[in-house]
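Welcome, and thanks for taking a look at this one with me. Have the sequence and the coordinates to hand as you read.

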Amino acid sequence: SQLSEESRALISKRARLLGPAYRLFYKNPVEVSRGKGVLLYDKHGNEYLDAYNNVVSVGHAHPRVVEAVTEQMSTLCTHTRYLQEGILKYSEDLLGTFGGRVGAAGHTMFTCTGSEANDLALRIAKHYTGKQGIIVTSEAYHGNSELTAGFSPSLGDSSPLGTWVRRVGAPDSYRIPKENLGRWFADQVAAQIHDLERHGNGLAAFIVDSMFSSDGVYAHPVDLLKPVAEVVRKAGGVFIADEVQSGFGRTGDKLWGYQRHGIDPDIVTMGKPMGNGFPVAAVAVAPEVVESFGRDMRYFNTFGGNTVAIAAAQAVLNIIRDEGLVENSQKVGKLLRDGLQGLASKFNQIGDVRGSGLYVGVELVSDRAAKTPDAAAAAAVVNGLRERRVLISATGFHANTLKIRPPLVFSAANVDRFLTEIEAVFKTL
Ligand code: PMP
């Protein structure tokens, strides 16, 4: 479709004012002006089905979050150097969700973004282990700071990785036999630990997003991370579960993505949906791991854990519980995957449907037998859906995997609408 005069003008104004590093979604970018639940509206009143935004996970403009933030902002907004009950109540509630060592006696440290949380997590891990090395998956994204960008290979060849960084292939369940996946993954990590040791870095941490979001969305098998957790522990490294994408009920069966794999990480980092769009993120850490860091250093983050951020986070956690959103994520996510699986029998481009809860990946291929990635088809579906006012995106090294990740309040009726629209788009390919 043609860009309107209005869009053209906004796009060039944006480029002039925000500069060259920003990217827009869609060939025909959407100008949104308002959101409610799973719906977005442009200024002409057109409605869009949001099947992508995992930040507003309890729904756009949820009234309880709006009220909590407004009320707190009009009472007091201040930082963590004063005594506050609110942050303690929230930490207690949050830590109560983890189980394991982090849950039993762990601590919560607040940041504003997932990048800051991962940055802090690695600093803690380095201090604890006295080592430098970190292992990530080959297309991982863990943040935008100098440190975290240095272990985020998905930023591409122009973004330098640290010499202390090693990569392992993601557990591509579509191409690697499932029985071997956990062992295969752990063996790669063991080899990279050996390499880090040979080069004098040693292993500080292994960090993983249990949904492998930027690698291509891999959710199974659920015992996948057990062997690798053992390998990391044996080497004396810190296991960091990056729950920025997979946390807070996204994956359906559990509140945290790593819990699906039955492991006990040393550090859990989180962000995105934590405040339903209000900037709040955190590091939850087992006590022994942060002890020396706390003794030798101080930690202060001006905005991290401020009273308004905590009000937002507390409201979100309450809503997830009160509205049964983990269960909804599981139930509606299954409907969505089943529906997409049904479409796979009609459209040869659908090579694989995978995911957990309301985190779904659909890998598109040009040849099913050879499993040849088809980025052009993925771009056509993403842009075709946008023209039908349904919003998703694509991910993975080849950008050929549709990434479908709606707010957790997505309903069965929303799934029907989504399936109707995506089927119409597939018919045009
Ligand atoms: N980790 C993961 C897995 C992420 O997906 C992201 C953001 N896409 C981050 C960390 C960084 O979070 P933020 O953008 O809040 O800094």
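## Around the ligand

Which residues come nearest to the ligand? In this predicted model, T113, G114, S115, D209 and V244 come nearest, out of 15 residues around the ligand. Helix α5 (residues 114-129) gives the largest share of that shell, with three residues. By type, the shell residues divide into 10 polar, three nonpolar and two charged.

## A125 in helix α5

Helix α5 also holds A125. Is A125 buried or exposed? With 28 other C-beta atoms within 10 Å, A125 is buried, since 20 or more are needed for that label. Beyond its neighbours within four places in sequence, A125 is in contact with A204, A205, V238, I240 and I267.

Where they touch, 27 residues of domain 1 are in contact with 31 residues of domain 2.

On the domain 1 side of this contact, at least two residues each are supplied by α11 (325-344), β11 (350-356), β12 (359-367) and β16 (401-404). The residues of that side comprise 13 polar, nine nonpolar and five charged.

## Helix α13

Let's check the geometry of helix α13 (residues 412-428). At 1.5 Å a residue, its 17 residues should span 24 Å, and the end C-alpha atoms are 25 Å apart, which agrees.

Which residues of α13 are buried? They are N414, V415, F418, I422 and F426. These residues cover an arc of only 100° around the axis, so they sit on the same side of α13. The cover over these buried residues includes β3 (47-50), α11, α12 (375-387) and β14 (390-391). The face turned away from the buried side carries exposed residues, namely A413, T420, K427 and T428.

## Helix α3

Helix α3 (residues 85-95) can be read in a similar way. Its buried residues are I87, Y90, S91 and L94. Because their arc around the axis is only 100°, they fall on the same side of α3. What do the buried residues of α3 pack against? Their packing partners are β4 (107-111), β10 (281-285) and α10 (307-322). E85, L88, K89 and E92 are exposed on the other side of α3.

## Backbone details worth a look

The loop between β7 (203-208) and α8 (225-234) contains P221. A cis peptide bond joins H220 to P221, with omega about 0°. V217 lies in the loop between β7 and α8 too, and its phi is near 65°, a positive value in a residue other than glycine. V217 counts as buried because it has 27 C-beta neighbours inside 10 Å.

A61 belongs to the loop between β3 and α2 (63-73). Phi of A61 is near 50°, which is positive although the residue is not glycine. How many C-beta neighbours does A61 have inside 10 Å? There are 14, so A61 counts as partly exposed.

Conventions:
Residues are numbered from 1 along each chain as its sequence is written. This is a predicted model: local features need pLDDT of at least 70, side-chain atom pairs count only at pLDDT 80 or more; totals for chains, interfaces and linings use all residues. Two residues are in contact if their C-beta atoms, placed from the backbone, lie within 7 Å. Helices (H or I, at least four residues) and strands (E, at least two) are DSSP runs, numbered from the N terminus. Ala, Val, Leu, Ile, Met, Phe, Trp, Tyr, Cys and Pro count as nonpolar, Asp, Glu, Lys and Arg as charged, and the others, Gly among them, as polar. The expected span of a helix is 1.5 Å times one less than its number of residues. A residue is buried if 20 or more other C-beta atoms lie within 10 Å of its own, exposed if 12 or fewer, and partly exposed in between; C-beta atoms are placed from the backbone. The arc is that of the directions from the helix axis to the C-beta atoms. A residue is near a molecule or strand if its C-beta atom, placed from the backbone, lies within 6 Å of it.
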